[in-house]
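Morning, everyone. Please bring the structure up on your screens, and we will walk through it together.

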Amino acid sequence: PDDARGLFAVAAVFFARADYAWAADGFQPEALWFFGPEAIERFSALAMAPPEGASRAFAEGGYVVMRSGWSKGAHQLIFDAGPLGCPMTGAHGHADLLSVQVSPFGEPCIVDPGTYAYSVDPLLRAHFRGTGAHATVTVDSLGQAEPSGNFGWKERPVARLRRFVSETAFDLADGSHEAFSRLQDPVSHRRRVVFVKSPGYWVIVDDLSGLRRHRVELRFQFCPLPLTLLPGSWARAELSGGRGLLLKTFSSAPMAVRIAQGSTEPLEGWVSPHYGQREPAPLLVHSVDAQLPLRVFTLLMPVSSKDTAPPRVQTVRGPDGALLGLTLEETNQTIRFDADTFTMGEAETWKA
């Protein structure tokens with residue numbers, strides 16, 4: 001199911017698209033089955049070339065893809081800022097508003113948990129499509145939407161992609177949703193994702209707005225791989241060849257961090273790589289009971305060696321102590337958010 005080359009070969013012949021031919025990685029037999037022998041000639045006439053530009057927003061679907069390039073070892077992050085499921089019923093949708101999927105060096109790392117099964121077990125069905133199984137935020141141990149049967153939802157919250165910009169030095173996506181407005185004290189969630197293209201890392205900024213205290217959990221579901229907690233509350237995911245992903249949160253209120261894997265009470269730390277199959281996989285959870293508003297910065301840094309130490313990071317705070325940004329000492333890069341203004345260093349600025 002992870003091999004889309006045949007589909008792209010068919011699309012390349014039908015649409016005469018050079019980028020589809022490039023994605024097909026050469027002629028594939030599926031095109032012959034659909035179009036007959038002439039497919040070979042039509043495919044061969046295309047000058048295979050990767051798409052123009054790497055990062056892109058798909059505004060109608062609500063997805064943003066941030067890429068470092070088109071090589072097989074390129075970094076990729078997918079940001080979901082769209083509706084819950086299809087427009088008709090949302091039946092196959094997940095309550096994963098503002099979630100991310102991250103593939104450093106082209107390897108799946110932070111992932112969507114999958115489906116498992118539709119009707120074998122209602123609890124597992126609810127878990128795999130629930131907010132807690134995705135790389136996003138829960139409030140007061142609640143998901144963004146409550147299931148109604150195996151395919152329905154009692155409500156259908158929608159995330160909004162407020163803005164996407166792609167510059168030479170960075171990509172920035174800005175999304176929000178009001179799924180937790182149903183609480184007695186309504187809570188708004190806004191998430192901004194920045195991809196710093198050199199040296200290549202992401203910063204996620206979560207803003208939770210409300211008037212009272214709430215339990216906020218920031219969750220990251222990983223695929224089955226080694227995940228360890230390092231000194232200083234860093235987490236390291238181990239990829240192939242000694243490469244990895246370092247992750248750490250910086251919050252306006254101290255957060256506890258834990259790893260869950262294959263838990264049944266409560267259900268957490270599972271992925272379903274294929275329909276009808278599930279297997280344990282580490283879930284990284286940062287949690288806090290705090291007075292809102294709350295701001296959390298998450299740094300995700302791909303590293304090419306297992307010997308790479310976590311970077312030295314300083315928080316940037318305002319006169320009132322409010323968390324405004326991060327400074328990476330090794331690169332002397334500062335990521336800062338003031339209200340609706342984003343600043344990277346002194347030269348690159350974006351204002352909503």
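Start with the surface. This is a predicted model, and on its surface L32, W33, F34 and I40 form a nonpolar patch. Together they have about 480 Å² of accessible area. Which helix gives the most to this nonpolar patch? Helix α3, residues 29-35, with 3 residues. Look at F34, which lies in helix α3. F34 has 62% relative accessibility, so F34 counts as exposed. The cut-off for exposed is over 50%.

Now the aromatic rings. How many aromatic pairs does a search of the whole structure find? The search finds 14. Take one of them, F8 with Y20. Their centres are 5.7 Å apart, and the planes make 55 degrees. That pair is tilted. The pair links distant parts of the chain. F8 is in helix α1, residues 5-15. Y20 is in helix α2, residues 18-24. Buried or exposed, or in between? F8 has 29% relative accessibility, so F8 counts as partly exposed. Y20 has 22%, so Y20 also counts as partly exposed.

Next pair, F27 and F43. Why is this pair edge-to-face? The ring centres are 5.5 Å apart and the planes stand at 80 degrees, so edge-to-face is the label. The cut-off for that label is over 60 degrees. F27 lies in the loop between α2 and α3, and F43 lies in helix α4, residues 38-44, so the pair ties together parts that are 16 residues apart in sequence. Check the cover on each partner. F27 is partly exposed, because its relative accessibility is 29%. F43 is buried, because its relative accessible area is 6%.

Rings also gather into a cluster. Ring pairs link F8, F14, F15, Y20, F34 and F35.

R42 lies over the face of F35, at 5.3 Å from the ring centre. Further along, R125 lies over the face of F151, at 5.0 Å from the ring centre.

On to salt bridges. Here is the idea. Side chains of opposite charge can pair when their charged atoms come close. A search of the whole structure finds 22 salt bridges.

One of them joins the side chains of E146 and K154, at 2.9 Å from N to O. E146 is partly exposed, because its relative accessible area is 40%. K154 counts as exposed, because its relative accessibility is 53%.

Now find D207. Where is D207? In strand β11, residues 201-209. D207 is buried, because its relative accessible area is 14%, and the cut-off for buried is under 20%. Its side chain has a polar contact of 2.7 Å with the side chain of R192. The side chain of D207 makes another polar contact with the side chain of R295, at 2.8 Å. R295 and D207 also form a salt bridge, with the closest N and O atoms 2.8 Å apart. This pair links distant parts of the chain: R295 in strand β22, residues 294-303, and D207 in strand β11, 88 residues apart. Both R295 and D207 are buried.

One more salt bridge. R336 pairs with D338, and the closest N and O atoms are 2.7 Å apart. R336 is partly exposed, because its relative accessible area is 29%. D338 counts as partly exposed, because its relative accessibility is 27%.

Salt bridges can also join into a network. Which residues does the network link? R215, E217, R219, R258, E268 and D289.

Last stop, two loop residues. E60 lies in the loop between β1 (56-58) and β2 (63-67). E60 counts as exposed, because its relative accessibility is 84%. E60 and G82 are 22 residues apart in sequence and 7.8 Å apart in space, C-alpha to C-alpha.

Then A339. A339 sits in the loop between β25 (333-338) and β26 (341-344). A339 counts as exposed, because its relative accessibility is 63%. A339 and L324 are 15 residues apart in sequence, and 9.0 Å apart in space from C-alpha to C-alpha.

That is the tour. Questions are welcome.

Notes. Residues are numbered from 1 along each chain as its sequence is written. This is a predicted model: local features need pLDDT of at least 70, side-chain atom pairs count only at pLDDT 80 or more; totals for chains, interfaces and linings use all residues. Side-chain values use heavy atoms; hydrogens and water are left out. Patches are made of residues with over 30% relative accessible area and no salt bridge: like charges are joined within 9 Å, nonpolar side chains (Val, Leu, Ile, Met, Phe, Trp, Tyr) within 5 Å. Accessible areas come from the Shrake-Rupley method with a 1.4 Å probe; for residues, only the protein chains shown count as cover. A salt bridge is a side-chain nitrogen of Lys or Arg within 4 Å of a carboxyl oxygen of Asp or Glu. Helices (H or I, at least four residues) and strands (E, at least two) are DSSP runs, numbered from the N terminus. Buried means under 20% relative accessible area, exposed over 50%, partly exposed in between (1.4 Å probe, protein chains only). Rings of Phe, Tyr and Trp (its six-membered ring) pair if their centres lie within 6.5 Å; planes under 30 degrees apart count as stacked, over 60 as edge-to-face and the rest as tilted. A charge sits over a ring if NZ of Lys or CZ of Arg is within 6 Å of the ring centre and within 35 degrees of the ring normal. A polar contact is a pair of N or O atoms within 3.5 Å; within protein, one must be able to donate a hydrogen and the other to accept it, and residues adjacent in sequence count only if both atoms are side-chain atoms.
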